[in-house]
Amino acid sequence: MISNVVKQDLVKEDQGIIKCTDVTCPVCGMSCDDIEIELNPTTVTTKNACLMGDAKFQELRSSHRLVHPIVNGERVAWQEALEAAADILVKAKRPFFFMGSETSNEAMAVGIEIAEYLGGLVDGNATICHGPTVMAIQDAGQVGCTLGECRNRSDLAIYWGCNPADSHPRHMSRHSMYNRGFFVEQGYQGRKMVVVDPRRSPTAAQADLHVQLLPGKDYELLDAVMVALRGQELNPDTEKVTGVSQDTIKKMAEMIKECKFGVIWVGLGIASTHGKHHNASIAMRLTQLANTYSKFVILANRGHCNVAGFNQVLSWTAGFPFAVDYSRGVPRYQPGEYSCVDALKRGEVDAMLVMCADLGGHLPKKAVERMMDIPVVSLEIAPGPQAFVSDVILPGVLDGMECEGTFYRMDNVPIYARSFTKPPFDFTESNEDTLKQLLKIVKEKKPRK
Amino acid sequence: MMDIILNTGSTVYQGAIIKGGNKFTEGYTREAGYCNINPADFEALGRPWFVRVTNEYGDSVVVRAKKTNTQQVGEVFIPRGIWANVVVTPETESTGSPRYKNLPVKIEKCDGPVQGPEELMRSSFVNGANAAEYESKKYLDKKTSQVGQH
């Protein structure tokens, strides 16, 4: 629904043209909340949005938007699709509920409620994104801060295994490098930038220091930086193992000691490579050590909007951040066993509900092969690999555009995303509404004993 | 055939395609169906137009070869997407996160073309004894639910 207060203040409608300011972008983890939109009957014009954000807003007027419910490739009535979806989930012995991102916490909470009711597995985009980093937070503890603090204080940014120029196009200009801050009035001239990446990425090309390590040697390099920070002698084999010279490692340690407020931005370069959570864990211990010399924090560059929200919602409902199994009536947490890729790979999942995620396109082939063999219900907005593997498609709603909702930003700050238009159909108001309707039918089909 | 390390990751152009819901278009093939290769490896492979990347399971995918200075010797990059995920392995080291980066694969020069997204999905997943069942149950690449399809 469109909140009246917001509509009065920020949404102006004139002769079929809707103009809205301060729109929250539902694309990447930054959840930029300064987007301006002009929506007319055939086109969308955006201001301040990046290439990816603009592409998402264009979905409002795209010709390929999925607007009709589908069962087994045929268009059906909404109730019929909901019944078919409920049948699939109720009949399953080990249903899997995948709560994607780019949708609201409110919708995820209902999805988790269905999983709990039916005793299924529940997981979210975090599992294939920064799941290992979340495990590292449990292991080592995170020294964190908000993006606002980074913007106003940070004079050293270390991008470790991430490439914000591509993955978060406005990251460096809004929060970490090129903007002026309260304590960094000189802007980029008052900030230093280190990039640790085996590739010469577009971000690395802008860095004061590009540390080009060998692929998969993050743990060893982080350990070496800690040794250099402590002023101890580096192992003579360090360069051979990591591909980085001792001088470079010492220079990086000096930069860490000399800065006033440093930020390590970790990306999937450490979470998806060999070592996984151990890499993220030692990066957090490095941050703790760096606080001996200056103020230092570590933040994960979360890829999707509200992927952090899934961890938050599941934590306050089940007590665990991802990979939860409700089959025994109580939540149990075990990454590697109840997580999406592992459960699919082992072939134990016999039905899936996928909300707002393209698992067909982003999981490894072996996992997608299992999705082809089992019935899949999807909340989806566009044709693509996820629609490809789906038996039932319930048209999705664009959160932050067609309905309101709460998103958690990558620094775990909740942002309330307003809406400025309505969905192109009348059978549901939001993904939360869709799942509530589904839960009602599920409860009718399988009353609790 | 050469042993090499595969890294996958996002690019802003690939991101714009997928966020815009254009995964079943030629644009997706253009922005996600290529492989960046260091000039030395590019020469060693015989200056290919196309390369075949194969993982330990024997799954393989053909992508365009691009000679770039952004890669180290012995390491290649394919943007995140359905082409890369044919060869990404599902081992998660008990974390839930598959091996999207630092994956040992084999690479060789081959003939094109690169399969388009629908063709790749069909050849990867709609095959074997269950193909007819998939055709009747799954949505696949139909267009019956879209705006303007009545």
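Trainee: Which strands of chain A does helix α3 (residues 78-91) lie across?

Mentor: Helix α3(A) lies across β5 (70-71), β7 (95-99), β16, β17 and β18 (392-395) of chain A, running at about 130 degrees to β18(A). The angle is taken between N-to-C directions on a scale from 0 to 180 degrees, with axes fitted to C-alpha atoms, for helices over the stretch in contact. Bear in mind that this is a predicted model: local features need pLDDT of at least 70 and side-chain atom pairs count only at pLDDT 80 or more, while totals for chains, interfaces and linings use all residues. Residues are numbered from 1 along each chain as its sequence is written, with chains lettered from A and ligands numbered from 1 in the order in which they are written.

Trainee: Why are β6 (74-75) and β15 (332-333) of chain A at the edges?

Mentor: The open sheet runs β6-β5-β18-β17-β16-β7-β8-β14-β15 (chain A), with mixed pairing. β6(A) and β15(A) each have a single partner strand, so one side of each is left without a neighbour in the sheet.

Trainee: What does Phe98(A) touch?

Mentor: Leaving out residues up to four places away in sequence, its contacts include Asp123(A), Cys340(A) and Met352(A). A contact means C-beta atoms, placed from the backbone, within 7 Å. Phe98(A) is also among the residues that touch the most other members of the largest nonpolar core, which has 188 residues. Such a core joins buried Ala, Val, Leu, Ile, Met, Phe, Trp, Tyr and Cys residues through C-beta atoms within 7 Å, buried meaning 20 or more other C-beta atoms within 10 Å of a residue's own.

Trainee: How many residues of chain B are in contact with chain A?

Mentor: 55 residues of chain B meet 74 residues of chain A. On the chain B side, α1(B) gives the largest share, four residues.

Conventions. Buried ≥ 20, exposed ≤ 12 C-beta atoms within 10 Å, placed from the backbone. Contact = placed C-beta atoms within 7 Å. Pairing = 2+ DSSP bridges. Helix = DSSP H or I, 4+ residues; strand = E, 2+ residues; numbered from the N terminus.
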